Amino acid sequence: MSDCAELTSYLSRCHSCRVESGCFMLYDRSNYMGNQYFVRRGEYSDYSRMGMSDCFRSCRMIPMHRGSFRMRIYERENFGGQMMEMMDDCDSIMDRYHMSDCQSCNVMDGHWLMYEQPHYRGRMMYMRPGEYRSFRDMGYSNMRFMSMRRIMDSC
C-alpha cells in the first residue's frame, strides 16, 4: 500500500507479487536502487522473467497523476547541451529530436518512465517531479536513455 525501502524486513526473499490496485516500481536492491521494473494491476509470478538478478528488495508506489505532463531532457549532465521539452511519449529521441544521448532531465509535471532503448525497451528508470542533474551520479553510468513514456492514470 506504500513505499518499502527494505522488503526483507517483511520477507526473507520476494520472488513474485500480485498488484491489486495502483502502479509500483520494483527494485532488485534495497533503498530503491538497482534495476527497476514497472508493475500495475496483475500477477507477476517470476522475478527472473522481468530481468531481475536475484529478487525484489524494495518497492515504490507511483502516485496517481491526472494533470499535464512536462519534462525537459538534456543531452549532457547538469542540463547542458541540446534541450528538448516533452509533453507526451517519445519512442525514440534520436528519431524525433536527433539527440543521440540524454544525460540529465528536469521533470516538471507528471511521472515518467525512461528506457535505455528506443520503442520503450530495455532497462527502465522511474522519474518523478524533480531535477536530475546527472544520471551517471545516480548509478546509471552505462545506460543511455533513448525513449520516454508518461505513466498515465490507467494504473
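## His98 and its loop

His98 sits in the loop that links α1 (93-97) to β8 (104-109). This model is predicted. The phi of His98 is positive, near 60 degrees, and His98 is a residue other than glycine.

Is His98 buried or exposed? His98 has a relative accessible area of 63%. The cut-off for exposed is over 50%, so His98 counts as exposed.

Next come two strands, β9 (112-117) and β10 (121-127). How do β9 and β10 run, and how many bridges join them? They run antiparallel, and five bridges join them. Gln117 faces Arg121 of β10 across the pair. The hairpin has three residues between its strands.

Where is His119? His119 lies in the loop between β9 and β10. Within this hairpin, His119 adopts a positive phi near 65 degrees. His119 is not a glycine, yet its phi is positive.

The relative accessibility of His119 is 46%.

## What the record lists

The unreviewed UniProt entry lists a domain, "Beta/gamma crystallin 'Greek key'", at residues 22-63 and 110-152. For residues 110-152, the end C-alpha atoms are 9 Å apart in the model. That span is 47% strand and 0% helix.

Key: Residues numbered from 1 in each chain as written. Predicted model: local features only at pLDDT ≥ 70, side-chain atom pairs only at ≥ 80, totals over all residues. Heavy atoms only, no water. UniProt positions renumbered as here; feature names shortened; annotations may be inferred. Helix = DSSP H or I, 4+ residues; strand = E, 2+ residues; numbered from the N terminus. Buried < 20%, exposed > 50% of the residue type's maximum accessible area, 1.4 Å probe, protein only. Pairing = 2+ DSSP bridges.
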